[in-house]
Amino acid sequence: VRNPEWTRIILNTVIPLLQKKGFDGLFFDTMDNPVFLEDSNPVLYGGMKTAALKLIADIRKHHPELKLMMNRGYGLLPQAAENLDMVLAESFYTDYDFARKAPRLAKRAYYHEHLQILQQSRQANPALGIYTLDYWPPQDEAKVAAIYALHRQSGFSPYVSTVALNILFQPPAISSRPASPEALPAAP
């Protein structure tokens, strides 16, 4: 991401090729990586965060017609927000324990820290669409409905699925009633 030649290839070759194939947007799925790398070894990976932000800004500048969505990337938000159309807050309220093969709640501090980052990002870009993706068993309809209600109260566009993303189930109807704390999974 720090190599200017790589950026030129993305801007001048990859994106035009994708557009010719009918794509009208980009989904940045691994923008947590530059942050993780730089934080874990600043000597070796210094400048990764700045380079990732520059890449997003360059894509916006050279291809303003594209819809840009970033998955998580909390370490780049809200600085990147002005150049994004959408952000996906995956595993925001819930998470998946791969060892136990079961969903679980995210830590309360994690949820509130990322909620604050998302709110700051929306302040930086009021048009920013914020989508959430949480994992919970679809048969637990009351808790699924409560997760939807919680995110809708924050002004987000929620979705709840299985971790395999292989079961589509209808989101509950939008309710004017606030989420019942009793229906929500208890925070750890």
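Student: Which residues form one aromatic cluster?
Tutor: This is a predicted model, where local features need pLDDT of at least 70, side-chain atom pairs count only at pLDDT 80 or more, and totals for chains, interfaces and linings use all residues. Residues are numbered from 1 along each chain as its sequence is written, and side-chain values use heavy atoms, leaving out hydrogens and water. Rings of Phe, Tyr and Trp (its six-membered ring) pair if their centres lie within 6.5 Å; planes under 30 degrees apart count as stacked, over 60 as edge-to-face and the rest as tilted. One aromatic cluster consists of F92, Y93, Y111 and F156.

Student: What kind of aromatic pair do Y96 and F98 form?
Tutor: The whole structure holds four aromatic pairs. In the pair of Y96 and F98, the centres are 4.9 Å apart and the planes stand at 70°. That makes the pair edge-to-face.

Student: Is F98 buried or exposed?
Tutor: Buried means under 20% relative accessible area, exposed over 50%, and partly exposed in between (1.4 Å probe, protein chains only). Y96 has 16% relative accessibility, so Y96 counts as buried. F98 has 59%, so F98 counts as exposed.

Student: In what order do the five strands form the open sheet?
Tutor: Strands (E, at least two residues) and helices (H or I, at least four) are DSSP runs, numbered from the N terminus. Two strands pair if DSSP finds at least two bridges between them. Here the pairing is parallel, and the order is β1-β2-β3-β6-β7.

Student: Which strands stand at the edges of the sheet?
Tutor: An edge strand here has a single partner strand, so one side of it is left without a neighbour in the sheet. Those strands are β1 (25–28) and β7 (157–161).

Student: By how much are neighbouring strands of this sheet turned against each other on average?
Tutor: Axes are lines fitted to C-alpha atoms, for helices over the stretch in contact, and angles run from 0 to 180 degrees between N-to-C directions. For neighbouring strands of this sheet, direction is ignored. The average is 20°.

Student: Which residue in β2 is the bridge partner of F27?
Tutor: Strand β2 (residues 67–71) runs parallel to β1, and four bridges join the two. L26 stands opposite L68. F27 has as its partner M69.

Student: Which residues make up the covered face of β1?
Tutor: The strand has an uncovered face with G25 and F27. Its covered face holds L26 and F28.

Student: At about what angle does helix α4 run to β2?
Tutor: Helix α4 spans residues 48–62 and lies across β1 and β2. Its angle to β2 is about 165°.

Student: Which residues of helix α2 are buried, and what covers them?
Tutor: Helix α2 (residues 32–40) buries P34, V35 and E38. Seen down the axis, they fall within an arc of 100°, so they line one face of the helix. The arc is that of the directions from the helix axis to the C-beta atoms. Contact means heavy atoms within 4.5 Å, and the cover includes α3 (42–45) and α4.

Student: Which residues is S121 in contact with, leaving aside its neighbours within four places in sequence?
Tutor: S121 sits in helix α5 (residues 108–124). Its relative accessibility is 0%, so S121 counts as buried. Its contacts are L77, P78, A81 and L128.

Student: How far apart are the closest N and O atoms of R72 and D32?
Tutor: A salt bridge is a side-chain nitrogen of Lys or Arg within 4 Å of a carboxyl oxygen of Asp or Glu. By this rule there are eight salt bridges. R72 and D32 form one, at 3.2 Å.

Student: How many residues apart in sequence are the parts that R72 and D32 tie together?
Tutor: R72 lies in the loop between β2 and β3 (86–90), and D32 lies in helix α2. D32 is partly exposed, with 27% relative accessible area. The pair ties together parts whose separation in sequence is 40 residues.

Student: Which helix holds both R8 and E5?
Tutor: Their side chains meet in a salt bridge at 3.0 Å, N to O. R8 is partly exposed at 44%, as is E5 at 38%. The two are three residues apart, about one turn, in helix α1 (residues 4–20).

Student: Which residues are linked in a network of salt bridges?
Tutor: D97 and R104 meet in a salt bridge at 3.3 Å, N to O. D97 is buried at 12%, whereas R104 is partly exposed at 35%. The network links D95, D97, R100 and R104.
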